[in-house]
Amino acid sequence: AYVPDYCIDEVSNHTIALIMSLARGISAYDVSTRNDIWDYKASEPIYSFSGQTIGIFGLGRIGLAVAKKLQNLNIKILSNDPYVEKIIQGIRMVSFQELVESADYITIHSTLNKETRHKFNKEVFKKMKKSASLINTARGGIVKQKDLFEALINKEIKGAALDVLE
């Protein structure tokens, strides 16, 4: 359901937590240590978060909240949203292709419609950096899950954090 003002703060905070978890390899280290494997290589490579590029697909209420919260972390913020015409300080509006090819982390905050269904698919994952990760806290159908699974297995992208499924 579309509820415009519901959980903006909570979802934007959750999104940032997922980004940070991917950035620091927290989930991989958790699994490793629970299996009694105490190896710092469980989540290599780990990059410095400073200087990374975050791509925000959909700059509505939640996407904008994510961007504003990230602005003080010494990162670049890109966004693609065909419905946003105004310039927002600290956010560079780019084409979808530039967002996909440039971002270290792409976070999805778009509605699900005929234009966005399976927008993130095999072709898109092949264009992403091999070191990039995808975060989806919007709608499951925006990501073609089978293609995402294959991209992760084939190491076409580094990681994914999904709060929603198709």
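**View 1. Gly 63, a glycine in a helix.** A residue is called buried when its relative accessible area is under 20%, exposed when that area is over 50%, and partly exposed in between, using a 1.4 Å probe and protein chains only. At 1% relative accessibility, Gly 63 counts as buried. Gly 63 belongs to helix H3, residues 61–70; helices here are DSSP runs of H or I with at least four residues, strands are runs of E with at least two, and both are numbered from the N terminus. Between the C-alpha atoms of Gly 63 and Ser 79 there are 8.8 Å, although the two are 16 residues apart along the chain.

A word on what you are looking at: this is a predicted model, in which local features need pLDDT of at least 70 and side-chain atom pairs count only at pLDDT 80 or more, while totals for chains, interfaces and linings use all residues. Residues are numbered from 1 along each chain as its sequence is written, and side-chain values use heavy atoms, with hydrogens and water left out.

**View 2. The whole chain, for orientation.** Six helices and six strands make up the pattern to look for in the protein chain. Along the principal axes, the C-alpha atoms fill a box of roughly 50 × 35 × 30 Å. The radius of gyration, taken over C-alpha atoms, can be held against a globule rule of 2.2 Å times the number of residues to the power 0.38. For 166 residues, a compact globule would come out near 15 Å, and the protein chain has 15 Å, which agrees. Of the 166 residues, 42% are buried.

View 3. Rolling a probe the size of a water molecule over the atoms shows where empty space is left. On a 1 Å grid over the protein atoms alone, a cavity is a set of points where a 1.4 Å probe fits but cannot get out, whereas a pocket is an open set with protein on both sides within 12 Å along at least five of seven lines; lining residues have an atom within 4 Å of a point. Grid points are joined across faces, edges and corners, and the volume is the space filled by probe spheres set on the points. The second largest pocket holds about 470 Å³ of space. It is lined by 22 residues, and the closest to its centre are Leu 22, Ala 28, Ser 43, Lys 158 and Gly 159. Helix H1 (8–24), helix H2 (26–34) and strand S6 (159–162) each give at least two residues to this lining. By type, the lining has 11 nonpolar, seven polar and four charged residues; Ala, Val, Leu, Ile, Met, Phe, Trp, Tyr, Cys and Pro count as nonpolar, Asp, Glu, Lys and Arg as charged, and the others, Gly among them, as polar.

**View 4. Phe 49 meets Tyr 105.** Four aromatic pairs are found in the structure. Rings of Phe, Tyr and Trp (its six-membered ring) pair if their centres lie within 6.5 Å, and planes under 30 degrees apart count as stacked, over 60 as edge-to-face and the rest as tilted. With centres 5.9 Å apart and planes at 55°, the rings of Phe 49 and Tyr 105 form a tilted pair. This pair links distant parts of the chain, 56 residues apart: Phe 49 is in the loop between H2 and strand S1 (53–57), and Tyr 105 is in strand S4 (residues 105–108). Both Phe 49 and Tyr 105 are buried.

View 5. Phe 57 and Phe 96 make an edge-to-face pair, with 5.5 Å centre to centre and 65° between the planes. Since Phe 57 lies in strand S1 and Phe 96 in helix H4 (residues 96–102), the pair ties together parts that are 39 residues apart in sequence. Phe 57 and Phe 96 are both buried. Ring pairs also bring in Phe 120, giving a cluster of Phe 57, Phe 96 and Phe 120. Look, too, for Lys 119: its charged end sits over the ring of Phe 96, 4.4 Å from the centre, where "over" asks for NZ of Lys or CZ of Arg within 6 Å of the ring centre and within 35 degrees of the ring normal.

**View 6. Two residues with positive phi.** Most residues other than glycine have a negative phi. Cys 7, in the segment before H1, has a positive phi near 60°. Cys 7 is partly exposed, at 21% relative accessible area. His 118 also has a positive phi near 60°, and this residue is found in the loop between S4 and helix H5 (122–127). The relative accessible area of His 118 is 23%, so it is partly exposed.
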